[in-house]
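Visitor: Could you take me through the aromatic pairs of this model, with the criteria spelled out?

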Amino acid sequence: TIKNGLGSDVTSFYSINIIKGFLTVEKRKLLVSTPSESQVYNGEYIFNINFTLLSGSLANGEEFVVNAFQSIKDVGKVDNDMIIDVVKNNQLVSHNYDITLIKGSLEITPKPVEIITANFEGVYNGLEQYNENYTISGLINGEYALLKNHNGRTDVGESPNYLSFAIFNDQTETTSNYLVNYNYGVLKITQ
């Protein structure tokens, strides 16, 4: 309705053409980074759900929530990837944002362990002689070593007391989570 200065309706004196326009709402751009973390193998998962907003901002009353994140337990390296959403009053509003994630990394490095094999001295008898005794140090609690193979000696002379092992946690082999340093004893056969 169009009115004149006296308050009278004068709409009929006008020809009105309405041209419809467009309203575009751009997504807010956010740049987020996740940290890197590294630890020596200890049988536990590592993860880090912290993040830093490098650029951009949230609209009033909105907040971040981490809905999924990466973790790692065994030796290796993965991206510290996560799904970061935006909520307002417990309602997901992430569709209003263009979130770019710069990913750190999560890394588990091998745990040093030392295996010392025993010495052995025997007299030649024509049979293979060996010693499967050893000491091991550095395993995490609950993990154990199983002897896989031994190196025996039949002839007169000396050689290292080579033993090989596999390391387990229950029924799961975890050998690859360790950096094994062998200190070999000596097998000695005399006449």
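Predicted model: local features only at pLDDT ≥ 70, side-chain atom pairs only at ≥ 80, totals over all residues.

Guide: What follows is a close look at the aromatic pairs. Residues are numbered from 1 along each chain as its sequence is written, and side-chain values use heavy atoms, with hydrogens and water left out.

The structure holds 8 aromatic pairs, where rings of Phe, Tyr and Trp (its six-membered ring) pair if their centres lie within 6.5 Å, and where planes under 30 degrees apart count as stacked, over 60 as edge-to-face and the rest as tilted. One of them joins Tyr41 and Tyr178, an edge-to-face pair with 5.5 Å from centre to centre and 75° between the planes. Because Tyr41 lies in the loop between β2 (37–40) and β3 (52–55) while Tyr178 belongs to strand β17 (residues 178–183), this pair ties together parts that are 137 residues apart in sequence; strands here are DSSP runs of E with at least two residues, numbered from the N terminus. Tyr41 and Tyr178 are both buried, a term that stands for under 20% relative accessible area, with exposed set at over 50% and partly exposed in between (1.4 Å probe, protein chains only).

Another pair is formed by Tyr182 and Tyr184, which is stacked because the ring centres are 5.1 Å apart and the planes stand at 5°. Tyr182 counts as partly exposed at 26% relative accessibility, and Tyr184 counts as partly exposed at 32%. Tyr182 and Tyr184 also belong to one aromatic cluster together with Tyr134, Tyr162 and Phe165.

Note on methods:
Helix = DSSP H or I, 4+ residues; strand = E, 2+ residues; numbered from the N terminus.
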